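Subject: Structure for you to look through

Hello,

Here is the structure I said I would pass on. Please open it first and then read my notes below.

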Amino acid sequence: MTHCLDCGSERTSDQCLACGLTTAAAELVVRRRLVRRTAIFLVGIIVFVAASQVFPPLELDSILIFAGLVFFLSLALGYWIDFRARKHQEIEVMKRIYFGMIPVPWIFAGLIFLNGKLDTSRPVRVPATVVGKFATGGLPRSRRLVVTSWRYGRRVERIAVDQNDFDRFQPHDDIIIQMQKGEFSIPWVYGVFRE
Ligand SMILES: [Zn+2]
């Protein structure tokens, strides 16, 4: 039993009875759809990265690593579907999983953005000491202040900051970190200040 590459109906002859496409035509249509949806997926990733810079979660680096892994595996699946479609092999299940992943970066982006945007919790201010800092180029560009942690069982926190704060704070500086609880309980960093 095979499925039409495009509409997924069971197919007994070269031409799909449901959508009327031949195997060759269905290949073209489904690959075009793959490209379109992958573009939506990639734009979602850019929006996600932007949202995570506007309202940076305290656990930003862990979130970026997790999201990066999910996005990378999804793109690999998309690539594999394209590869199989070209050989007219069965893609129905993979296609459903991949197309199901398309909104995920948008959902992540919306969560992080609204988590900060809708947040009306009282700011929490904690003292910390800068112990180091680092910046990485590429996408996303990231600048972090490494500070002593105020949380139990943790030695340091990596706080996302903008270029201005990155330049003005040096190791050994005592600073205040203002945090918010987050509307969806994802703590995020409002800003860093001099004591
Ligand atoms: Zn079909």
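**What was found**

Cys19 is partly exposed, with 32% relative accessible area; with a 1.4 Å probe and protein chains only, buried means under 20%, exposed over 50%, and partly exposed in between. Cys4, at 1%, is buried. A search of the whole structure for disulfides (pairs of cysteine sulfur atoms within 2.5 Å) finds zero.

Some notes on the source. This is a predicted model, in which local features need pLDDT of at least 70 and side-chain atom pairs count only at pLDDT 80 or more, while totals for chains, interfaces and linings use all residues. Residues are numbered from 1 along each chain as its sequence is written, and side-chain values use heavy atoms, with hydrogens and water left out.

**Cores**

In soluble globular proteins, nonpolar side chains tend to be buried together. A nonpolar core here is a set of buried Ala, Val, Leu, Ile, Met, Phe, Trp, Tyr and Cys residues joined through side-chain atoms within 4.5 Å. The largest one has 25 residues, and Phe48, Phe71, Ile81, Ile91 and Tyr98 touch the most other members. At least two residues of this core come from each of helices H1 (23-54), H2 (60-86), H3 (92-101) and H4 (104-117). Helices (H or I, at least four residues) and strands (E, at least two) are DSSP runs, numbered from the N terminus. H1 gives the most to this core, with eight residues. Another core lies apart from it and has 15 residues, including Ala128, Leu145, Ile175 and Met179.

Contact means heavy atoms within 4.5 Å. Leaving aside neighbours within four places in sequence, Ile91 is in contact with Leu5, Val30, Ile81, Arg84 and Ala85.

**Helix H3**

Which residues of H3 are buried? They are Glu92, Met94, Lys95, Tyr98 and Phe99. Seen down the axis of H3, these buried residues fall within an arc of 155°, so they line one face of the helix; the arc is that of the directions from the helix axis to the C-beta atoms. Val93 and Arg96, on the other side of H3, are exposed. The cover over the buried residues of H3 includes strand E1 (2-3), H1 and H2.

**Rings and charges**

Rings of Phe, Tyr and Trp (its six-membered ring) pair if their centres lie within 6.5 Å; planes under 30 degrees apart count as stacked, over 60 as edge-to-face and the rest as tilted. The structure holds ten aromatic pairs. One of them, Phe55 with Trp188, is edge-to-face, at 5.1 Å centre to centre and 85° between the planes. Phe55 is in the loop between H1 and H2 and Trp188 in strand E7 (residues 188-194), so this pair ties together parts 133 residues apart in sequence. Both Phe55 and Trp188 are buried. One aromatic cluster is formed by Phe41, Phe48, Phe66, Phe71, Tyr98, Phe99 and Phe108.

A charge sits over a ring if NZ of Lys or CZ of Arg is within 6 Å of the ring centre and within 35 degrees of the ring normal. The charged end of Arg84 sits over the ring of Trp80, 5.7 Å from its centre. For Lys133, the ring is that of Phe166, with the charged end 4.7 Å from the ring centre.

**Two arginines**

Arg37 is found in helix H1 and is partly exposed, at 30%. Arg122, in the loop between H4 and strand E3 (124-136), is exposed, at 72%.

Regards
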